[in-house]
Amino acid sequence: MSFVRWFVGRIVLLINWLTWPKSAKRPSESQQQVEQQLAAYSLYQFEACPFCVKVRRAMQRLNLPIELRDAKKNAQQRQELLEQGGRVKVPCLRIEEADGQVRWMYESDDIIAHLSKRFPV
């Protein structure tokens, strides 16, 4: 079963690579402001997870360079996700609010909706 999962993951990554979307263009001043705000965001993900690929594609379309944290290959980041987020489930968007509160958003559709609303193009 793990071979099948690995093989399907490689197919997902190949299709993703072949159909990678173009980034939206913002004026450089606006893009700098977006990037400053994105310093408070990080995405916990697995490289070949189809739902993570979906979120990364949306980030690319919206031109949102959010820090990626690989919770499969990096034990420390996996532990952070478990201890602070409550479970090892990806994709998970970590959002540090201005008041210091941290939100953990787990569903790919919710993450994409939030990013699209918060950082429209």
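# Close-up views of a predicted model

**View A. Helices α3 and α5 are roughly parallel to each other (angles under 35 degrees count as roughly parallel, over 145 as roughly antiparallel, 65 to 115 as roughly perpendicular and the rest as oblique).** Helix α5 comprises residues 108-118, and its axis is 9 Å from that of α3, with a packing angle of about 10 degrees. Axes are lines fitted to C-alpha atoms, for helices over the stretch in contact, and angles run from 0 to 180 degrees between N-to-C directions. On the α3 side the contact (heavy atoms within 4.5 Å) is made by F51, K54, V55, A58, M59 and L62, and on the α5 side by S108, D109, I111, I112, L115 and S116. Sorted by class, these residues are eight nonpolar, two polar and two charged; Ala, Val, Leu, Ile, Met, Phe, Trp, Tyr, Cys and Pro count as nonpolar, Asp, Glu, Lys and Arg as charged, and the others, Gly among them, as polar.

The model is predicted, so that local features need pLDDT of at least 70 and side-chain atom pairs count only at pLDDT 80 or more, while totals for chains, interfaces and linings use all residues. Residues are numbered from 1 along each chain as its sequence is written, and side-chain values use heavy atoms, with hydrogens and water left out.

**View B. Four strands form an open sheet of mixed pairing, in the order β2-β1-β3-β4.** The edge positions belong to β2 and β4 (102-105), each of which has a single partner strand, so one side of each lacks a neighbour in the sheet. On average, neighbouring strands are turned by 25 degrees against each other, direction ignored. Helices (H or I, at least four residues) and strands (E, at least two) are DSSP runs, numbered from the N terminus, and two strands pair if DSSP finds at least two bridges between them. Strand β1, residues 41-45, pairs with β3 in the antiparallel sense over four bridges, and L43 faces L93 of β3. Helix α4 packs on the sheet, where it touches β1, β2, β3 and β4, and its direction makes about 105 degrees with that of β4. Helix α3 lies across β1 and β2 and runs at about 150 degrees to β1.

**View C. Strands β3 and β4 run antiparallel and are joined by four bridges.** Within this pair, E96 is opposite V102 of β4, and R94 is opposite W104 of β4. The hairpin has five residues between its strands, and there G100 adopts a positive phi near 95 degrees. Strand β3 is mostly covered, since four of its five residues are buried (under 20% relative accessible area, with exposed over 50% and partly exposed in between; 1.4 Å probe, protein chains only).

**View D. The largest nonpolar core contains 17 residues, and those with the most contacts inside it are Y41, L64, I66, L93 and L115.** Elements α2 (28-38), β1, α3, β3 and α5 each give two or more residues to this core, and the largest share, four residues, comes from α3. Apart from this core lies another, of nine residues, including C49, C52, W104 and Y106. A nonpolar core is a set of buried Ala, Val, Leu, Ile, Met, Phe, Trp, Tyr and Cys residues joined through side-chain atoms within 4.5 Å. When its neighbours within four places in sequence are left aside, Y41 is in contact with I66, E67, L93, R94, I95, H114, L115, R118 and F119.

**View E. Residue L81 is found in helix α4 and is buried, with a relative accessible area of 0%.** With neighbours within four places in sequence set aside, L81 is in contact with Y44, A71, G86, R87, V88, K89, V90, C92, W104 and Y106. From L81 to S116 there are 35 residues in sequence and 23 Å in space, C-alpha to C-alpha.

View F. Most residues other than glycine have a negative phi, and most peptide bonds are trans. N63, a residue other than glycine, has a positive phi near 60 degrees.
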